[in-house]
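Q: I would like to go through this structure with you, one topic at a time. Could we begin once it is on the screen?

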Amino acid sequence: MAFPIECNFWALSDADAYPKKTMQREDAAFGLVDVGSVPAKLVDGFGLLIYCSEISNSHSPLPLVQHILREAMNSGQPHYPAVQQLTAQDFEELIGFARGQQVEFSPEAEKLIQGYYTASRRVRTDPVRGSTISPIAVKILMSVCEAHAKLSLRARVLQEDAVIAILLYETSITARHGASVLCVAPNAVFPFDLIDEHSLNQRDLYLTQFHQHLLQFCATYAPGMSVHLIEE
């Protein structure tokens, strides 16, 4: 007997099941993430894996503790400036409106996705195991691009949407199979220190640099599908 289960997002927490620190293999690929007890086949069954490590050696759980204490001492009161302006209903209306938006792809965004896919298939292909890039990667990237454009309240998918989608996908692939020539920074999209305007500017700077790196990556490994480099 089978029961189909459908869901847009799945989350798994396995922090307490295996408290002992797992030793990294000497032959492990750079950037590879240990997913604990989760079987590899189960992980590969999902198109986009986002690995979230809440606590690391260099980042303490202090911000989470501070948030919990504020909630306990000032129950029902907003703790952050944005909360005073945006309510849960506002977010629900925003998501509802964005969901109904119809978007179209710009030629630049499509070409960037195709270039990344082609280049990644070439650099992430093993003679024995084949490519670690799934054939449905383009579909996943297009879906993330559309979602980002809709949340930005735009009717057109731009290169910046493709950059976010590719960065998310490359981060996912790196966590599962290790880094490639297109090396991404850890937690590039959701950094631990994203707490103020300066950290937002730093992330924007990284996204700009990654965009340039991505264009060069496509020009090198998929020259027939590359887009023009952005002038500084």
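Predicted model: local features only at pLDDT ≥ 70, side-chain atom pairs only at ≥ 80, totals over all residues.

Q: Let us start with helix H5; what span should its 17 residues have?
A: Helix H5 covers residues 107-123, and at 1.5 Å a residue it should span 24 Å. Its end C-alpha atoms are 24 Å apart, which agrees with that expectation.

Q: Which residues of H5 are buried?
A: They are Ala109, Leu112, Ile113, Gly115, Tyr116, Tyr117, Thr118, Ala119 and Ser120.

Q: And what covers them?
A: The cover over the buried residues of H5 includes strand S1 (104-105), H6, S4, H7 and helix H8 (197-221).

Q: You mention H7; where is Ser172 placed?
A: Ser172 sits in helix H7, which runs over residues 159-177.

Q: Is Ser172 buried or exposed?
A: Ser172 is buried, because its relative accessible area is 0% and the cut-off for buried is under 20%.

Q: What is Ser172 in contact with, leaving aside its neighbours within four places in sequence?
A: With those neighbours left aside, Ser172 is in contact with Leu48 and Leu49.

Q: Changing topic to the surface: which residues form the nonpolar patch?
A: The patch is formed by Leu86, Phe91, Leu94, Ile95, Phe97, Leu151 and Leu153. Together they have about 650 Å² of accessible area.

Q: Which helix gives the largest share of it?
A: Helix H4, residues 88-99, gives the largest share of the nonpolar patch, with four residues. Phe91 has its place in H4, and this residue is partly exposed, with a relative accessible area of 43%.

Q: Where does Leu153 lie?
A: Leu153 lies in the loop that connects helix H6 (137-151) and strand S4 (156-157). Leu153 is partly exposed, since its relative accessible area of 46% falls between the limits of 20% and 50%.

Q: What about the phi of Leu153?
A: Leu153 has a positive phi of about 60 degrees, although this residue is not a glycine.

Q: Now the cysteines: how many disulfides does the count come to?
A: The count comes to zero disulfides, where a pair of cysteine sulfur atoms would have to be within 2.5 Å.

Q: Is Cys218 buried or exposed?
A: Cys218 is buried, because its relative accessible area is 2%.

Q: And how is Cys183 placed, buried or partly exposed?
A: Cys183 is partly exposed, with a relative accessible area of 36%.

Key: Residues numbered from 1 in each chain as written. Heavy atoms only, no water. Helix = DSSP H or I, 4+ residues; strand = E, 2+ residues; numbered from the N terminus. Buried < 20%, exposed > 50% of the residue type's maximum accessible area, 1.4 Å probe, protein only. Contact = heavy atoms within 4.5 Å. Patch = residues over 30% accessible without salt bridge, like charges linked within 9 Å, V, L, I, M, F, W, Y side chains within 5 Å. Areas by Shrake-Rupley, 256 points an atom, 1.4 Å probe, with all protein chains shown as cover. Salt bridge = Lys/Arg side-chain N within 4 Å of Asp/Glu carboxyl O. Expected span 1.5 Å × (residues − 1).
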